[in-house]
Amino acid sequence: MAIDALGGSEIMLSGQHIESDGARSFSPFKSNNVFGKMMIPIGPDVKLTLLATYNENSFNQPDKDGVTAGQQALYGKDFSLNDDPNSQNYYGYNHTHKTTDFEIVKLEANLSPTATFENRAYTYSYDNETLSGNDVTLFAAATPTSAADIVAANKVTLTSGGAKVFGVPGYTKTNKYRVWGDIAKTRIQLFDFATLTAGLWIEYADTYRQQRDVDLVTIAPNFAEKAVKDPVTGAAKPANIKFDQNSDTNHARNLSNWNCALSPA
């Protein structure tokens, strides 16, 4: 419906919230979604459209591995995580937060009875931030596993000198990207049977991924990785880093074309 007080603009807004305790133990889930769109008539021949959407998901679950038959036998078929902070299965140590968004601004204009112009500027992103135990198939300290086994499973290196302290081994993980782009096109009706389109599509993307070992109790670095040296500088990579990657891309494409339709004689 057009809003006269806003010059005939049209607006649509929606939101959604989902929350659940989860079917499995200590595995809650939350989700929030927001969507908005607005069409603004700038004049009789120009229209501006704004659109944006945002999604957020937060949940507790292991990043890898699943429940073992032994864990199911002890805790039941609905077992996933627990409330024991001395265990890699502790729900506070196994958490993922994901967000996505998409935004676009579109301008449409009638330049003349035979020519139109359209431009779309957009951006979208994905961000996954995860905290997880290294191996959630290990039993918790409350299970009939020997104390020595529990200590061995949760002993982590916290200094580059090799000193050992009791901790809970895990890792942080990031996987995210952001894309920016613009698509512009002009369409000219030269004749009843011939149309010329001239346009350009440009896009830039930036991506980042990392994984680092930590003591889940303190989030202090856990120097558990094999020492690696830079082949050029000889500098040693911090031994708590599994990987740290950044990349970006640039894209450009010519959208121009000529269409000609001739009727058969």
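# A guided tour of the model

Select Ile 219 to begin: this residue is in the loop between strand 10 (194-215) and strand 11 (241-254). The model is a predicted one. Check the backbone of Ile 219 here, where phi is positive, near 65°, in a residue other than glycine. Most residues other than glycine have a negative phi. Ile 219 is partly exposed, because its relative accessibility is 43%.

**Zoom out**

Show the whole chain as a cartoon. The protein has two helices and twelve strands. Trace the elements from the N terminus and they run β-β-β-β-α-β-β-α-β-β-β-β-β-β. Colour by burial next: 29% of the 265 residues count as buried.

**The largest core**

Now select Tyr 90, Tyr 93, Leu 131, Val 168, Val 214 and Leu 216. These six residues make up the largest nonpolar core. There is a second, separate core of five residues, and among them are Ile 104, Tyr 122, Val 179 and Ala 205. In soluble globular proteins, nonpolar side chains tend to be buried together.

**The aromatic rings**

Keep Tyr 122 on screen. Is Tyr 122 buried or exposed? Tyr 122 counts as buried, because its relative accessibility is 11%, under the 20% cut-off.

Together with Tyr 122 they form one aromatic cluster. Over the whole structure, a search finds nine aromatic pairs. How are the rings of Tyr 122 and Tyr 124 arranged, and what are the figures? Their centres are 6.3 Å apart and their planes are at 10°, so the pair is stacked. The angle is what decides this, because planes under 30 degrees apart count as stacked. Tyr 124 itself is partly exposed, with a relative accessible area of 27%.

Select Arg 178 and Trp 180 next. Arg 178 lies over the face of Trp 180, 5.7 Å from the ring centre.

**The largest pocket**

The largest pocket has a volume of about 200 Å³. Twelve residues line this pocket, and the closest to its centre are Lys 37, Met 38, Met 39, Thr 49 and Leu 50. Which strands supply at least two residues each to the lining? They include strand 2 (9-20), strand 3 (29-43), strand 4 (46-59) and strand 5 (95-112).

**Along strand 3**

Stay with strand 3 and select Ile 42, which is found there. Ile 42 counts as exposed, because its relative accessibility is 53%, over the 50% cut-off. Beyond residues up to four places away in sequence, Ile 42 touches Leu 48 and Leu 107. Draw a C-alpha to C-alpha distance from Ile 42 to Ala 109: it is 9.5 Å, across 67 residues of sequence.

Go back to the loop between strand 2 and strand 3, where Phe 26 lies. Phe 26 has a positive phi of about 50°, although it is not a glycine. The relative accessible area of Phe 26 is 37%, so this residue is partly exposed.

**Two last stops**

Select Gly 66, in the loop between strand 4 and helix 1 (69-75). Gly 66 counts as partly exposed at 41% relative accessibility. Apart from neighbours within four places in sequence, Gly 66 is in contact with Gln 71 and Thr 137. Asp 135 is 69 residues from Gly 66 in sequence, and 9.3 Å from it in space, C-alpha to C-alpha.

Finish on strand 11 with Asn 246. Is Asn 246 buried or exposed? Asn 246 counts as exposed, at 52% relative accessibility. Which residues is Asn 246 in contact with, leaving aside its neighbours within four places in sequence? They are Asp 206, Thr 207 and Tyr 208.

Definitions and conventions: Residues are numbered from 1 along each chain as its sequence is written. This is a predicted model: local features need pLDDT of at least 70, side-chain atom pairs count only at pLDDT 80 or more; totals for chains, interfaces and linings use all residues. Side-chain values use heavy atoms; hydrogens and water are left out. A nonpolar core is a set of buried Ala, Val, Leu, Ile, Met, Phe, Trp, Tyr and Cys residues joined through side-chain atoms within 4.5 Å. Buried means under 20% relative accessible area, exposed over 50%, partly exposed in between (1.4 Å probe, protein chains only). Rings of Phe, Tyr and Trp (its six-membered ring) pair if their centres lie within 6.5 Å; planes under 30 degrees apart count as stacked, over 60 as edge-to-face and the rest as tilted. A charge sits over a ring if NZ of Lys or CZ of Arg is within 6 Å of the ring centre and within 35 degrees of the ring normal. On a 1 Å grid over the protein atoms alone, a cavity is a set of points where a 1.4 Å probe fits but cannot get out, and a pocket is an open set with protein on both sides within 12 Å along at least five of seven lines; lining residues have an atom within 4 Å of a point. Grid points are joined across faces, edges and corners, and a volume is the space filled by probe spheres set on the points. Helices (H or I, at least four residues) and strands (E, at least two) are DSSP runs, numbered from the N terminus. Contact means heavy atoms within 4.5 Å.
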